Amino acid sequence: MKLLRWSLVVLGLAVIAVLALLTASNVQAQDALVGSWVLDPAKSQGSAGLVPTAGTATVTAGGGGKYTSVSEVSVGGATGHSEITYSIDGKDYAVTTTPAQPGAAITQSMERVSDTVWKSSLKVNGQLIATVTTEVSSDGNTLTQTTTGVGQQFAALSSTVVFKRN
């Protein structure tokens, strides 16, 4: 149960960090993602206490195919911070969280499904705990992330969170 509770906080941080991993093959799609996003808790859904109740994410383009995301999120009364710098190349990238979780290596990898849809894998210590499908609306103002926990142990992580451009 302790692993599940800890995983929920990690998931809350990492789901918002997924914003950092999103990109597309054209500059217009990249520009649509870069900026500041705010969680819309009224449109988000999942098990009580498991869905972020507040959150922000800022995505910046660092040039040379690199991006950085910094996020803040509250899940079940716990507030945390996450950061990730990455390139889109199919590799896992480390997610740094505060408070840090000693002995836990959190990573994400991303693949582009279409110009507006991406899939991400979230791992803790190399174990896949969730997949996240992210879709940007046609007007570029809404971002929806659907998280599916992997296996019985992480099924409670399943949720849908919605962000609005700030």
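Mentor: Happy to! Let me start with the surface: the protein exposes about 7,700 Å², and carbon and sulfur atoms supply 54% of that area. Keep in mind that this is a predicted model. Of the 166 residues in the protein, 45% are buried. As for the overall make-up, there are 3 helices and 12 strands. Among the contacts with a separation of 6 or more, 43% come from residues 24 or more positions apart.

Now to the part you asked about. Begin at strand 9, which covers residues 117-124 and pairs with strand 10, residues 127-136, in the antiparallel sense. There are 8 bridges between these two strands. For a landmark in this pairing, look at Trp118, which stands opposite Thr134 of strand 10. The hairpin of strand 9 and strand 10 has 2 residues between the strands, and there Asn125 takes a positive phi near 50°.

Follow the chain along strand 10 and you come to the next pairing. Strand 10 and strand 11, the latter spanning residues 142-149, also run antiparallel, and 7 bridges join them. Here the landmark is Glu135, whose bridge partner in strand 11 is Thr144. The hairpin of strand 10 and strand 11 has 5 residues between the strands, and in this hairpin Gly140 takes a positive phi near 75°.

How values were computed. Residues are numbered from 1 along each chain as its sequence is written. This is a predicted model: local features need pLDDT of at least 70, side-chain atom pairs count only at pLDDT 80 or more; totals for chains, interfaces and linings use all residues. Side-chain values use heavy atoms; hydrogens and water are left out. Two strands pair if DSSP finds at least two bridges between them. Helices (H or I, at least four residues) and strands (E, at least two) are DSSP runs, numbered from the N terminus. Buried means under 20% relative accessible area, exposed over 50%, partly exposed in between (1.4 Å probe, protein chains only). Contact means heavy atoms within 4.5 Å. Accessible areas come from the Shrake-Rupley method with a 1.4 Å probe; for residues, only the protein chains shown count as cover.
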